Amino acid sequence: MAVIAIIGHKGGVGKTTLSINLAAALTKALHSTKTKEPVCLFDLDLRLPTITDILHSHPQKTFFNLFEVLANRTYQVGFLQDLYQILVPFQEYKAGNIPKDNPRLLKSIAKYKNLNEELFNHSEFEFGDQVHELFLMRADIERPSDLKKGVVTQLFKCIDIKKIKNILREYEESGQVDIDEYISFIKEYGFSILGGEVPILGKRSHRQRINEPEFLALFLQFIQEVCGKFKHVILDTPAGGVNHLSSIMNSIDQVLFVFDVSNTIAVKGSIDALHTFIDYYEDFFANYKKGHLTGLDKSYVDRLITIKGEKAVEQALKTKKMGIIFNRSQNNNEVTWCLDQLRTYLETLNKYEKYKDRIYITGMLPNHKVVNITNNRGTLFYDKDKTLSSRMDTIAKNITDPNSFCPTLRYSNAEIISSLEKKSKLGFSLPFGRIASSAS
Ligand SMILES: Nc1ncnc2c1ncn2[C@@H]1O[C@H](COP(=O)(O)OP(=O)(O)OP(=O)(O)O)[C@@H](O)[C@H]1O
Ligand SMILES: [Mg+2]
């Protein structure tokens, strides 16, 4: 399994176009291996998902549905479980089945005093009124004997604990996520898609929840399960990156930065995206080695270790590949300028020496008139336009074939350009290990 993220912080640099066509090219490249589930294209643009529309394929369920289910699981189920754990010892005590110093009863009183009352506003349960009233009495109930007050006894007569338990069971069952319902296999293209259709973060509660660790952990778990099903997963990310999902970076094997060489501001944005990623990666790896990961990062890595083993996780982190795709190139000077800018920037940060062999130049796509996303025509150009397809094949080969030569940042500009151009035309490859005399 390899997870590839397509990143470029500026809008409109070609992330979605490249993601879609890379899915098609990888599917073709993997065809010979006859993998059952080769490729999944994952629309991680939670604000404005576009892939389902572009490809005219609509999964049975979208992330919007997923968020609703996960919210149920995080909020309603947890809330109902707490309620149940409070009410049962209360009832037992009132019925005289447990004494006033019973540890379970004392714990439930503490829970009762601390339960987040706001959750009642989220709950749509029919028993809400009586239970809510009980919680409004919290100031008057300090010790078990207070539960024997007349008004409390009256209230308890109206609370049906069995009913609460049945509702809890229903919620627990409906909180199960069947990942297949979210994945749509497109026969025509031979790959699957997953993601949104409507703006998932358009709903206020969804916007709030995506930043809450409990909720996010469930979302990341879902992503991890999906990734496990496929040989290659391509993540199309939104402009501005995936800050709210920084932990997702841990499960990514390769990060491909899209440089729109026709736009100097966009190039600077992509350099910044690459540099930000290096910073994130270095902090994460250092904390991982020192055992200092906390919160979501820690729980995520712990779970990965349980699945893959410590060695595999460390190896995946250590060898994380960073690649660059130049998009919309019209002449080689633009590419040369980008490479020089990137080297200078990394040198200024004292990062060039450390990363010159780790940053691969994975591909180069020309600016092309067939590509036109505004009316969706031409977006999936793969196999429709020879020049573009051969360039996508080069990118796919550089990803799938460990023996494929792919120049790194340390090669000269001329060598990089000639390698990318010739490879897609003639299958040409430079001798491995050749080192640039200078960054020309
Ligand atoms: N190589 C190319 N040649 C010509 N047009 C291109 C090329 N790559 C992308 N485009 C066009 O640029 C526009 C933006 O592309 P795309 O939507 O893929 O960018 P994006 O980075 O995903 O944008 P966003 O940040 O909004 O998600 C589209 O109209 C697309 O057709
Ligand atoms: Mg996009």
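A: A salt bridge is taken here as a side-chain nitrogen of Lys or Arg within 4 Å of a carboxyl oxygen of Asp or Glu, and a residue is called buried when its relative accessible area is under 20%. The model is predicted.

The shell around ligand 1 holds 16 residues, of which Gly 12, Lys 15, Thr 16, Thr 17 and Asn 327 come nearest. By type, the shell divides into 5 nonpolar, 9 polar and 2 charged residues. Helix 1, which spans residues 15-30, and strand 7, which spans residues 321-329, each supply at least two residues of this shell, and the largest share, 3 residues, comes from helix 1.

Turning to individual contacts, a polar side-chain atom of Lys 15 lies 2.8 Å from an oxygen atom of ligand 1, and a polar side-chain atom of Arg 328 lies 3.1 Å from an oxygen atom of the ligand. With Pro 366 it is the backbone that takes part, as one of its N or O atoms lies 3.0 Å from a nitrogen atom of ligand 1. The protein covers 83% of the 640 Å² of accessible area that ligand 1 has on its own.

Asp 43 is buried yet has no salt bridge, and Lys 15, its nearest side chain of opposite charge, is 10 Å away. What the side chain of Asp 43 does have is polar atoms placed 2.9 Å from the backbone nitrogen of Thr 50 and 3.2 Å from the backbone nitrogen of Ile 51.

Note on methods. Residues are numbered from 1 along each chain as its sequence is written. Chains are lettered from A and ligands numbered from 1 in the order in which they are written. This is a predicted model: local features need pLDDT of at least 70, side-chain atom pairs count only at pLDDT 80 or more; totals for chains, interfaces and linings use all residues. Side-chain values use heavy atoms; hydrogens and water are left out. A residue is near a molecule or strand if one of its heavy atoms lies within 4 Å of it. A polar contact is a pair of N or O atoms within 3.5 Å; within protein, one must be able to donate a hydrogen and the other to accept it, and residues adjacent in sequence count only if both atoms are side-chain atoms. Accessible areas come from the Shrake-Rupley method with a 1.4 Å probe; for residues, only the protein chains shown count as cover. Helices (H or I, at least four residues) and strands (E, at least two) are DSSP runs, numbered from the N terminus. Ala, Val, Leu, Ile, Met, Phe, Trp, Tyr, Cys and Pro count as nonpolar, Asp, Glu, Lys and Arg as charged, and the others, Gly among them, as polar. Buried means under 20% relative accessible area, exposed over 50%, partly exposed in between (1.4 Å probe, protein chains only). Lys and Arg count as positive and Asp and Glu as negative; His and the chain ends are not counted.
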